[in-house]
There are 2 protein chains.
Amino acid sequence: MNKETLQQVHNRVKPYIHSTPILTSYLINEIVGASVYFKCENFQKMGAFKMRGATNALLSLSDEQKEKGVVTHSSGNFAQAIALAAKQLGVKTYIVMPENAPQSKKDAVEAYEGNIIVCESTAIAREQIAEKIRKEKKATFIHPSNDLEVIFGQGTAAIELLEEEPNLDYIVTPVGGGGLIAGTCLAAKYFSENCKVIGGEPMNADDAYRSLKSGKIEYNDTVNTIADGLRTFLGDQNFPIIKEHVERIIRVEEDEIIHAMKLIWERMKIIIEPSSAVAFAALLKEKDTFTTKKVGVIISGGNVDLVNLPFAR
Amino acid sequence: MNKETLQQVHNRVKPYIHSTPILTSYLINEIVGASVYFKCENFQKMGAFKMRGATNALLSLSDEQKEKGVVTHSSGNFAQAIALAAKQLGVKTYIVMPENAPQSKKDAVEAYEGNIIVCESTAIAREQIAEKIRKEKKATFIHPSNDLEVIFGQGTAAIELLEEEPNLDYIVTPVGGGGLIAGTCLAAKYFSENCKVIGGEPMNADDAYRSLKSGKIEYNDTVNTIADGLRTFLGDQNFPIIKEHVERIIRVEEDEIIHAMKLIWERMKIIIEPSSAVAFAALLKEKDTFTTKKVGVIISGGNVDLVNLPFAR
């Protein structure tokens with residue numbers, strides 16, 4: 001792993017992804033007391049950064065692997081990402097989705113001609129069905145977050161952010177399965193002088209926070225959080241990177257996530273999903289860390305079920 | 001009135017406004033069958049194009065007028081625009097708002113230190129109270145749409161659009177009080193070769209459509225539309241411009257407005273208000289007019305009450 005590897009990844013995924021805009025807001029800078037640069041992956045193809053990792057994973061396959069197809073499991077954005085990346089690259093897909101996945105995400109996967117296999121809503125059920133398909137179809141399994149090619153791909157968002165803003169003091173990302181933050185760590189290591197990476201995580205699914213404390217991968221007994229993209233846990237590929245490079249993880253409550261989300265919708269007029277709001281909520285929660293600093297925030301995605309929003313009176 | 005006048009207006013408002021981005025969407029171009037350029041005034045300061053006209057109107061005042069202050073009436077965006085423009089330029093304000101104005105808009109006016117006077121929710125009540133204040137305080141009345149300086153200011157959005165996309169065949173704007181579309185007509189006349197201007201209007205508040213038919217200013221008996229910015233009517237300053245230059249007005253139903261709004265939220269991940277969706281709904285309604293054309297759409301604003309959205313299951 002070195003800078004050239006990551007640069008090559010960026011070069012090869014570029015034609016298939018959007019180089020998303022970086023937005024700033026005077027009002028939000030006032031509120032945080034820092035200069036905040038939002039890398040808007042909600043404007044990415046299919047609406048989330050996952051497009052980057054999925055594309056890179058498919059581009060790393062041999063022709064034979066592409067023909068036999070790929071299998072993955074995801075409740076949402078990674079399913080859409082694999083479906084669209086596979087459509088762009090002509091790869092067959094088997095996408096295992098839990099029966100309780102949001103309808104809007106299932107619809108989107110189908111719009112991208114992804115081949116959905118519905119399963120029960122447990123981590124074990126997903127993995128078992130994916131494994132069965134892998135064996136039967138000789139398909140290549142691509143994990144949504146615990147796969148080095150996926151991690152490298154996710155890191156390209158931070159590369160673009162650092163290309164435009166090379167002097168960032170921090171990049172803050174949400175932490176779910178760990179792919180985005182691990183990729184961001186590698187980008188910060190090789191494409192900045194001294195940019196630190198901090199994670200935001202829901203208090204109600206704080207497995208990564210506890211994993212950094214205990215030094216081994218921890219799990220969540222329950223995942224009662226609106227940040228549906230962050231209910232997963234770390235893996236053996238991304239945890240070593242996270243353990244070595246992540247400065248720390250800031251945990252936020254559900255009301256803090258909703259407040260942060262509403263603030264961005266209202267002030268910036270952009271649609272971000274609750275998982276993205278977790279990173280910004282971390283800034284709001286620990287302003288002292290960020291005062292007067294230059295802070296990049298990765299807005300991970302904008303796929304929200306508009307008929308089921310958390311903004312109650 | 002000539003090109004130089006408009007250019008001077010643009011030059012003098014520029015330091016006080018955002019030069020908003022122009023966004024495109026592959027998916028939306030596919031749906032419409034045209035190349036659509038969205039001029040995103042939802043990203044304008046205070047969240048709407050009204051900032052342009054309000055700023056220009058205040059910049060045209062004498063020092064004495066600035067000191068005595070300005071009075072206006074508005075249920076929403078123009079109230080915010082005058083408040084913020086006046087704050088930037090150090091002008092005293094008297095802002096008459098109907099008691100049923102959305103709370104989010106009243107809060108925003110107060111956040112910009114605007115001086116609100118609440119009145120009954122009728123057009124007559126608004127005007128009477130504004131007139132009373134004008135006399136008592138010797139303040140200058142600024143109409144939200146029927147004022148030439150306001151109209152010229154609103155036209156600067158289309159100037160910026162045509163600077164970036166000089167070969168537009170059409171610009172489509174929503175039609176409320178007529179300030180935006182009149183200003184857009186002047187911009188199209190002086191800053192393009194042959195760009196036509198089309199209006200979008202709610203069927204349930206189609207006064208401008210009927211005014212163009214009858215040749216005189218018509219009014220609405222009822223204004224039962226979600227597009228709360230478009231419930232007003234034309235005036236003697238903007239109607240002559242509209243009558244001379246507007247190609248035609250396309251009327252859209254309430255469900256078409258909501259569908260258009262949802263499409264932009266979901267596909268483009270930006271927050272637009274129902275009034276803005278009316279212009280895009282007009283494109284969707286009469287696709288034949290726009291097929292293969294280059295079409296600019298002015299996204300007039302993004303100020304939405306997030307706790308009261310129209311996206312029902």
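Predicted model: local features only at pLDDT ≥ 70, side-chain atom pairs only at ≥ 80, totals over all residues.
**View 1. Chain A as a whole, with its helices and strands.** Welcome to the chain that the next views explore. Chain A holds 14 helices and 10 strands. Along the principal axes, its C-alpha atoms fill a box of roughly 55 × 45 × 40 Å. How does the radius of gyration of chain A fit with a compact globule of 313 residues? The rule for such a globule gives a value near 20 Å, and the 18 Å of chain A agrees with it.

**View 2. Inside chain A: buried residues and contacts along the sequence.** Here we look into the chain. Of the 313 residues in chain A, 57% are buried. Contacts tell a related story: take those between residues at least 6 apart in sequence, and 73% of them join residues at least 24 apart.

**View 3. The surface of chain A and its charges.** The chain carries 36 positive and 40 negative charges.

**View 4. Close-up of Glu113(A), a loop residue with positive phi.** Find helix 6 (103–111) and strand 5 (116–119) of chain A; Glu113(A) sits in the loop between them. Its phi is near 65 degrees, a positive value in a residue that is not glycine. Is Glu113(A) buried or exposed? With a relative accessible area of 57%, Glu113(A) is exposed, because exposed means over 50%.

View 5. Although Lys138(A) is not a glycine, its phi is positive, at about 55 degrees. Lys138(A) is exposed as well, and its relative accessible area is 57%.

**View 6. Chains A and B around the rotation axis.** The last view brings in the second copy. Rotating by 180 degrees, with 0.0 Å of shift along the axis, superposes chain A on chain B with an RMSD of 0.0 Å. The two copies are therefore related as by a two-fold rotation axis. The same surface serves both copies, as 100% of the contact residues of chain A recur in chain B. Which residue of chain A comes closest to the rotation axis? That is Ile270(A), whose C-alpha is 2.2 Å from the axis.

Notes:
Residues numbered from 1 in each chain as written. Chains lettered and ligands numbered in written order. Heavy atoms only, no water. Helix = DSSP H or I, 4+ residues; strand = E, 2+ residues; numbered from the N terminus. Rg over C-alpha atoms; globule rule 2.2 N^0.38 Å. Buried < 20%, exposed > 50% of the residue type's maximum accessible area, 1.4 Å probe, protein only. Contact = heavy atoms within 4.5 Å. Lys, Arg positive; Asp, Glu negative; His and termini not counted. Charge placed at Lys NZ, Arg CZ, Asp CG, Glu CD. Least-squares fit on C-alpha atoms with pLDDT ≥ 70 in both.
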